[in-house]
Amino acid sequence: MDDLEFMQENELPCCAYHHEHPMLVEDVHLAMPQDEEMLRVSELFKVLGDGTRMRILFVLLASEMCVCDLSETLNMSVSAVSHQLRILRQAHLVRYRRVGKTVFYALADDHVKTLLSQGLDHVRE
């Protein structure tokens with residue numbers, strides 16, 4: 001039996017002795033995003049961490065919609081939907097286009113579609 005079989009259920013596996021792999025550490029260090037980039041990614045996930053905003057994004061994954069249709073689909077007030085759309089626009093997750101007096105919202109790009117699709121695939125596994 002190996003050492004992992006004897007570990008307590010709440011323990012994390014670790015090396016049996018202390019050693020370093022300097023080349024590995026250096027490679028990973030060079031691959032790490034800059035602090036500013038990590039902060040921006042963290043902020044992105046904070047925006048995605050809200051259930052209401054996720055519902056809006058999944059509706060927009062299915063179809064471009066105006067605020068009134070989003071409001072009806074989600075059973076929310078137009079004001080509440082507009083507030084959340086403002087946050088999503090600031091995070092560059094949604095875009096809009098104006099047709100006459102109507103404003104249609106859609107996902108900003110394929111990256112957002114991929115984030116949503118992969119997130120859903122992950123939780124469905």
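**View 1. Cys66 and its bridge partner in strand 3.** Cys66 has Phe104 of strand 3 as its bridge partner. Strand 1 and strand 3 (residues 102-107) are joined by two bridges and run antiparallel; two strands pair if DSSP finds at least two bridges between them. Strands and helices are DSSP runs numbered from the N terminus, with at least two residues (E) for a strand and at least four (H or I) for a helix. The model is predicted, with local features requiring pLDDT of at least 70 and side-chain atom pairs counted only at pLDDT 80 or more, while totals for chains, interfaces and linings use all residues. Residues are numbered from 1 along each chain as its sequence is written, and side-chain values use heavy atoms, leaving out hydrogens and water.

View 2. Axes are lines fitted to C-alpha atoms, for helices over the stretch in contact, and angles between N-to-C directions run from 0 to 180 degrees.

**View 3. Helix 3 against helix 5.** The axes of helix 3 (residues 51-62) and helix 5 (residues 78-90) come within 10 Å and cross at roughly 80°. Helix 3 is therefore roughly perpendicular to helix 5 (65 to 115 degrees; under 35 is roughly parallel, over 145 roughly antiparallel, the rest oblique). Thr52, Arg53, Ile56, Leu57 and Leu60 of helix 3 meet Val81, Gln84, Leu85, Ile87 and Leu88 of helix 5, contact meaning heavy atoms within 4.5 Å. Seven of the residues in this contact of helix 3 with helix 5 are nonpolar, two are polar and one is charged. Ala, Val, Leu, Ile, Met, Phe, Trp, Tyr, Cys and Pro count as nonpolar, Asp, Glu, Lys and Arg as charged, and the others, Gly among them, as polar.

**View 4. Helix 3 against helix 4.** Helix 3 packs on helix 4 (residues 67-74) at an angle of about 115°, the axes being 11 Å apart. From helix 3, Arg55, Ile56, Val59 and Leu60 meet Leu70, Thr73 and Leu74 of helix 4. The residues of this contact of helix 3 with helix 4 comprise five nonpolar, one polar and one charged.

**View 5. Ala62 in helix 3.** Ala62 is placed in helix 3. Ala62 counts as exposed at 68% relative accessibility (exposed is over 50% relative accessible area, buried under 20%, partly exposed in between; 1.4 Å probe, protein chains only). Ala62 and Lys113 are 51 residues apart in sequence and 9.8 Å apart in space, C-alpha to C-alpha.
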